[in-house]
Amino acid sequence: MNSLLIDSSNPSFDALRDDNLKNSIEKSHPIKSKVISKKINNVDTDIAMSCFADTIFLTISQNQKFNTWIRASKSDGILLDEPSYQIDTLLGNNQDVLFSIYARQLIENIGETSNKSLMLSISVTDKSKDTFKQILSIIFENKIW
């Protein structure tokens with residue numbers, strides 16, 4: 001009987017095993033996820049995305065908190081051929097229009113290729129137009145839907 005001897009003390013063994021395990025899990029796991037950390041206008045920004053069967057869960061945070069939760073969905077237009085979008089603040093600051101604008105931009109982009117709804121958790125400290133554009137750009141460049 002032949003046996004395979006692998007030298008587990010070799011550092012490349014761990015890297016090989018970890019890469020193979022990661023690739024195997026990514027291929028077989030039904031939920032796609034991605035985490036991105038970037039410095040945007042000198043503010044650490046964390047973005048996490050998970051794609052479930054019927055919902056995209058997206059977190060944008062510049063202070064490591066979940067402050068405002070927004071649900072957004074797309075439906076077929078009743079009178080017009082254009083879709084309509086529903087944006088609801090579930091928890092947190094419902095007075096900040098910028099958060100609704102983030103949700104609207106995201107659900108419109110998601111709606112181009114999918115009928116999934118959006119669950120957005122957002123907590124940004126830098127509310128400048130440039131930060132808004134950079135965050136959306138990062139999300140759209142790395143989208144998983």
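Trainee: Does Ala-48 count as buried, partly exposed or exposed?

Mentor: Ala-48 counts as partly exposed, at 27% relative accessibility. Buried means under 20% relative accessible area and exposed over 50%, with partly exposed in between (1.4 Å probe, protein chains only). Please note that this is a predicted model, in which local features need pLDDT of at least 70 and side-chain atom pairs count only at pLDDT 80 or more, while totals for chains, interfaces and linings use all residues. Residues are numbered from 1 along each chain as its sequence is written, and side-chain values use heavy atoms, with hydrogens and water left out.

Trainee: Where does Ala-48 lie, and which residues does Ala-48 touch?

Mentor: Ala-48 lies in strand S2; helices (H or I, at least four residues) and strands (E, at least two) are DSSP runs, numbered from the N terminus. Not counting residues up to four places away in sequence, Ala-48 touches Lys-34, Val-35, Phe-57, Leu-58 and Thr-59, where contact means heavy atoms within 4.5 Å. The C-alpha atoms of Ala-48 and Thr-59 are separated by 5.1 Å, although the two residues are 11 apart along the chain.

Trainee: And Ser-50, is that buried or exposed?

Mentor: Ser-50 is buried, because its relative accessible area is 16%. Ser-50 is also found in S2, which covers residues 43-51.

Trainee: With which side chain does Ser-50 make a polar contact?

Mentor: The partner is the side chain of Ser-33, at 3.0 Å. A polar contact is a pair of N or O atoms within 3.5 Å; within protein, one must be able to donate a hydrogen and the other to accept it, and residues adjacent in sequence count only if both atoms are side-chain atoms. Beyond four places in sequence, the contacts of Ser-50 include Ile-31, Thr-55 and Ile-144.

Trainee: What about Asp-54: buried or exposed?

Mentor: Asp-54 counts as exposed, at 54% relative accessibility, and has its place in the loop between S2 and S3. Leaving aside neighbours within four places in sequence, Asp-54 is in contact with Lys-116 and Ser-117. Asp-54 and Lys-116 are 62 residues apart along the chain, yet 4.8 Å separates their C-alpha atoms.

Trainee: Changing topic, in what order do the strands form the sheet?

Mentor: Six strands form an open sheet in the order S1-S2-S3-S6-S4-S5, with mixed pairing. The edge strands, each pairing on one side only, are S1 (32-40) and S5 (84-91). Two strands pair if DSSP finds at least two bridges between them; S1 and S2 pair in the antiparallel sense over nine bridges. Lys-38, for instance, stands opposite Thr-45 in S2.

Trainee: Which strands does helix H3 touch?

Mentor: H3 (residues 129-141) packs on the sheet and touches S1, S2 and S3; its direction makes about 150° with that of S1. Axes are lines fitted to C-alpha atoms, for helices over the stretch in contact, and angles run from 0 to 180 degrees between N-to-C directions.

Trainee: Which residues of H3 are buried?

Mentor: They are Thr-131, Phe-132, Ile-135, Leu-136, Ile-138 and Ile-139. Seen down the axis of H3, its buried residues fall within an arc of 160°, so they line one face of the helix; the arc is that of the directions from the helix axis to the C-beta atoms. What covers these buried residues includes S1, S2, S3 and H2.

Trainee: And what does the face turned away from the buried side carry?

Mentor: That face of H3 carries the exposed residues Lys-129, Lys-133 and Glu-141.
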